[in-house]
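Here is a brief report on side-chain pairing and helix packing. Please look at the model first.

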Amino acid sequence: IVRQRLQLNWTVILGCRSLAKGHAAKQRLIQECGTHDVENRVHVVWIDLEQRDQQQESQLQASVEQIRTISQGLDVLIHNAAYITYNNLSFEEAHKSFEINYRGTVRVHEALFPLVKRPGGRVIFVSSAVGKTYLVPSDVETQLLSDNLAEDDLVRIVQRLEDDIQSGRYQEPTNHIGGLAYGLGKLAGTTIYPRIVARRHPSPQEIFVASCCPAFGGPDTPVWLATTASIEQIQHGHGGFWEQRTLTNPQDWSAGMNLSS
């Protein structure tokens, strides 16, 4: 994603959980692009999706202030961080996935969203085709897809799912391909939560919000949604989930992962 944005002559602020890995990635980009102009167009900032204590919350706010000194605003905010696990489902794996992929995403989004420029800003949540509503019971699916779903409702639903997994009440779907903990976290944090954000900001011309799956062809869809697609091309999908530059129908999510994309 960063490489493609640099090719479009954008300045990129790269939020990383590890500053060492972030700076190493920047050096690779400088070598690949063959120009030291990248040195001035890529800024590495520490961003951690896990909140283990109040000090880390203060560090997140310090990172926000650092971004303010780099740029007077963000044209595009892409949420791309994730905890990926394909281990067998356990409460520990599910809790960590929800903590990073859902709660961490919400926490970082709320901290960075005020920096997004308006009108014309865009917020893209990189999700996964694994994270769809076939992973949850039908009554939960109905709640998640409701146009009246509020953030407090989503908090309660995630807590119920965690409780059901811990107690053994959660029944694994027969049509899943693995990565249940990962899929559940991405469903909550980067597929359903963006719908709530979009309803909170209903004008796509003011701020366009969407989620997408980058798989089956690389990172093209998030970059397309974030930069190259005109608002006229995508405004009908405000708050929606996109695959291969195509808006998906939430009513089809219960069918499971679409491997034909």
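## Salt bridges, helix packing and aromatic pairs

E65 and R68 sit three residues apart in helix α4 (residues 54-70), so about one helical turn separates them. Helices (H or I, at least four residues) and strands (E, at least two) are DSSP runs, numbered from the N terminus. This is a predicted model: local features need pLDDT of at least 70, side-chain atom pairs count only at pLDDT 80 or more, and totals for chains, interfaces and linings use all residues. Residues are numbered from 1 along each chain as its sequence is written, and side-chain values use heavy atoms, with hydrogens and water left out.

E65 and R68 form a salt bridge. The term means a side-chain nitrogen of Lys or Arg within 4 Å of a carboxyl oxygen of Asp or Glu. The structure holds 14 salt bridges. Three of them, including this one, are tabulated here.

| Salt bridge | N to O distance | Relative accessible area |
|---|---|---|
| E65 and R68 | 3.2 Å | E65 44%, R68 43% |
| E99 and R103 | 3.4 Å | E99 14%, R103 21% |
| D164 and R169 | 2.8 Å | D164 11%, R169 53% |

Buried means under 20% relative accessible area, exposed over 50%, and partly exposed in between (1.4 Å probe, protein chains only). E99 is buried, whereas R103 is partly exposed. D164 is buried and R169 is exposed. Shared partners join the salt bridges of E99, R103, R107 and E162 into one network. E99 and R103 lie four residues apart in helix α5, about one turn.

Next, helix packing. Helix α7 (residues 151-167) and α8 pack at about 170°, with axes 10 Å apart. Axes are lines fitted to C-alpha atoms, for helices over the stretch in contact, and angles run from 0 to 180 degrees between N-to-C directions. The two helices are therefore roughly antiparallel (angles over 145 degrees). On α7, the contact (heavy atoms within 4.5 Å) involves E151, L154, V158, L161 and I165. From α8 come residues including L184, A188 and I192.

There are four aromatic pairs. Rings of Phe, Tyr and Trp (its six-membered ring) pair if their centres lie within 6.5 Å; planes under 30 degrees apart count as stacked, over 60 as edge-to-face and the rest as tilted. Y86 and Y182 have ring centres 5.9 Å apart and planes at 50°, so the pair is tilted. Y86 lies in the loop between β3 (76-79) and α5 (91-112), and Y182 in helix α8 (residues 180-200), 96 residues apart. Y182 is buried, at 7% relative accessible area. F241 and W253 pair edge-to-face, 5.9 Å centre to centre and 80° between planes. Both are buried.

Technical notes: Angles under 35 degrees count as roughly parallel, over 145 as roughly antiparallel, 65 to 115 as roughly perpendicular and the rest as oblique.
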